Amino acid sequence: MNTTKINIPRMDERRKVLLLSGSDPGTILLQEILAKHVDIASASDIPEMLSLLAEETCDVLFCDWRFALGTWRDVVEGIQVQYPELPVIVVYRTGGEREWREVLEANAFDLLTEPYCERAVLTVLEHALVTRDGRAMRTVA
């Protein structure tokens, strides 16, 4: 059995990911992969997402391309204002280079596409966590 390891730099508590998703069946696989390594909170729309973020700190936000009453772009624009340190990873089942460029130009952290293999998901997650922690350390210093 081949297991993938993720380097989670902060050891005092388990990392928390917020998953904003619609009804895409592929998101279930993504959620299963993440659940092995981090705690997950789920939201189905922007008000629910904002409520969860107000209640507790999340380390990374995974956001479906489309979901109830919104799109990833709505989320990225709002997050940049209220939670600028929170990395947003956009999830799109059929995304390609054009969508990836669009996501990065909008200042999201990255675009993750199917197939959601554990290694790819954890690589993107680890990079987002390390980047977030590095920014936080620079802010404190």
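The model is predicted: local features need pLDDT of at least 70, side-chain atom pairs count only at pLDDT 80 or more, and totals for chains, interfaces and linings use all residues. Residues are numbered from 1 along each chain as its sequence is written, and side-chain values use heavy atoms, with hydrogens and water left out.

Start with the overall layout. The chain holds 5 helices and 7 strands. Helices (H or I, at least four residues) and strands (E, at least two) are DSSP runs, numbered from the N terminus. Along the sequence they follow the order β-α-β-α-β-β-β-α-β-α-β-α. Of the 141 residues in the chain, 46% are buried. Buried means under 20% relative accessible area, exposed over 50%, and partly exposed in between (1.4 Å probe, protein chains only). The accessible surface of the chain is about 7900 Å², and carbon and sulfur atoms account for 52% of that surface. Accessible areas come from the Shrake-Rupley method with a 1.4 Å probe; for residues, only the protein chains shown count as cover.

Contacts reach across the sequence. Take those between residues at least 6 apart: 62% of them join residues at least 24 apart. A contact means heavy atoms within 4.5 Å.

Now turn to the strands. Strand E1 spans residues 16-20. It is largely enclosed by the rest of the structure, because 5 of its 5 residues are buried. Lys16, Leu18 and Leu20 point one way from E1, while Val17 and Leu19 point the other way. Lys16 is among these buried residues.

What does E1 pair with? Strand E2 (residues 39-43) runs parallel to E1, joined by 5 bridges. Lys16 stands opposite Asp39 of E2. E1 also runs parallel to E3, with 4 bridges between them. There, Leu19 stands opposite Phe62 of E3. Two strands count as paired if DSSP finds at least two bridges between them.

Strand E3 covers residues 60-64 and is mostly covered, with 5 of its 5 residues buried. Val60, Phe62 and Asp64 point one way, and Leu61 and Cys63 the other. E3 pairs in turn with strand E6 (residues 88-92), again parallel and through 4 bridges. Leu61 has Val88 of E6 as its bridge partner.

Leu53 sits in helix H2 (residues 46-55). Is Leu53 buried or exposed? Leu53 is buried, because its relative accessible area is 8%. Leaving out residues up to four places away in sequence, Leu53 touches Leu18, Cys58, Ile79, Tyr83 and Leu86. Leu18 belongs to E1. The C-alpha atoms of Leu53 and Gln82 are 9.8 Å apart, though 29 residues separate the two along the chain.

Next comes the largest pocket. Rolling a probe the size of a water molecule over the atoms shows where empty space is left. The largest pocket holds about 170 Å³ of space. Its lining consists of Gly22, Asp24, Thr27, Asp64, Trp65, Arg66, Val91, Tyr92, Arg93, Thr94 and Tyr116. By class, the lining has 4 nonpolar, 3 polar and 4 charged residues. Asp64, one of the lining residues, belongs to E3 and is buried.

Finally, look at the backbone. Most residues other than glycine have a negative phi, and most peptide bonds are trans. Where does this chain depart from that? A cis peptide bond joins Glu114 and Pro115, with omega about 5°. Pro115 lies in the loop between strand E7 (110-113) and helix H5 (118-140).

Leu69 has a positive phi, near 65°. Its place is the loop between strand E4 (66-67) and strand E5 (70-71). Leu69 counts as exposed, because its relative accessibility is 79%. Asn107 also has a positive phi, near 75°. Asn107 is in the loop between helix H4 (97-105) and E7. At 56% relative accessibility, Asn107 counts as exposed.

Helix H4 also contains Glu97. Glu97 is exposed, with 58% relative accessibility. The C-alpha atoms of Glu97 and Leu111 are separated by 9.6 Å, and the two residues are 14 apart along the chain.

Definitions and conventions:
1 Å grid on protein atoms, 1.4 Å probe; cavity = no way out; pocket = protein on both sides within 12 Å on 5 of 7 lines; lining within 4 Å. Points joined across faces, edges and corners; volume = space filled by probe spheres on them. Nonpolar A, V, L, I, M, F, W, Y, C, P; charged D, E, K, R; others polar.
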